[in-house]
Amino acid sequence: TSMIIFVICIIAAAVGAVAVLCVLSRRNSEEAKYKGAAANIYRDKLLKWSLMNPYQSAENVLSADDSLFVYIKNAHSKGKHQYVFCVGDKVYIGRGRQDNQLILSDPLVSEKHCLIYAENGVACIYDLNSGNGTVIKRGRFDKGFMLNGSSCVLEDNDEIILGQSCLKIKIFKVEADLFDQR
């Protein structure tokens with residue numbers, strides 16, 4: 001009987017290890033997708049600049065803000081709504097269909113609710129005097145702090161709460177090695 005218990009323990013450990021590997025694999029593939037999308041956006045920026053300036057070198061033409069990206073995942077949509085934006089381009093979030101890059105169909109979100117932007121290579125968020133404010137949560141047990149017409153620096157893994165919507169974010173920079181993945 002001790003041998004049977006030993007075999008059962010080994011099988012249980014193997015199943016647990018496989019489950020952990022599956023979760024890590026899914027996270028890595030999700031990360032590869034959003035970093036690949038950011039690399040494409042960055043490439044497009046370089047291409048546009050090169051087309052507009054055909055007789056100049058494209059080296060060092062984009063600023064640190066142009067290489068800063070944010071991956072936004074709507075926590076309530078079970079992975080269906082995921083977005084990648086260049087923070088240097090300014091990302092407007094709101095309910096209105098005009099002039100917003102990310103549109104939320106939440107009645108508690110203002111037409112133009114908040115703005116994610118880059119300042120000196122750092123991602124920031126500014127509440128555009130929205131009706132219900134913008135809450136930033138840091139960490140799982142943080143109650144968050146309210147932005148009402150003010151701004152703050154965004155950190156990796158922050159959650160942005162707008163009305164009843166919760167947006168989980170990852171902040172990252174496009175690096176030269178991203179271009180070598182294809």
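Colleague: In what sense do S3 and S5 run, and how many bridges join them?
Modeller: This is a predicted model. S3 and S5 run antiparallel, and the number of bridges that join them is 3.

Colleague: Which residue in S6 does cysteine 114 stand opposite?
Modeller: S5 also pairs with S6, in the antiparallel sense and over 6 bridges. The hairpin of these strands has 2 residues between them, and asparagine 120 takes a positive phi near 55° there. In S6, the residue opposite cysteine 114 is aspartate 127.

Colleague: How many of the 6 residues of S5 are buried?
Modeller: Cysteine 114 is buried, with a relative accessible area of 0%. S5 is largely enclosed by the rest of the structure, because the count of its buried residues is 5 of the 6.

Colleague: How far from cysteine 124 is the nearest cysteine sulfur?
Modeller: Cysteine 124 counts as buried, at 7% relative accessibility. A search of the whole structure finds 0 disulfides. Cysteine 124 is therefore in none, since a disulfide needs sulfur atoms within 2.5 Å, and the nearest cysteine sulfur, that of cysteine 152, lies at 7.7 Å.

Colleague: Which residues touch the most other members of the largest nonpolar core?
Modeller: Strands S1 (68-74), S3 (91-94) and S5 (114-119) are among the elements that give two or more residues to this core. Isoleucine 72 is in contact with residues including Phe85, Ile93, Leu102 and Ile116, leaving aside neighbours within four places in sequence. Of the 24 residues in the core, those touching the most other members are Ile72, Ile93, Ile116, Ile125, Leu154 and Ile160.

Terms used: Residues are numbered from 1 along each chain as its sequence is written. This is a predicted model: local features need pLDDT of at least 70, side-chain atom pairs count only at pLDDT 80 or more; totals for chains, interfaces and linings use all residues. Side-chain values use heavy atoms; hydrogens and water are left out. Buried means under 20% relative accessible area, exposed over 50%, partly exposed in between (1.4 Å probe, protein chains only). A nonpolar core is a set of buried Ala, Val, Leu, Ile, Met, Phe, Trp, Tyr and Cys residues joined through side-chain atoms within 4.5 Å. Helices (H or I, at least four residues) and strands (E, at least two) are DSSP runs, numbered from the N terminus. Contact means heavy atoms within 4.5 Å. Two strands pair if DSSP finds at least two bridges between them.
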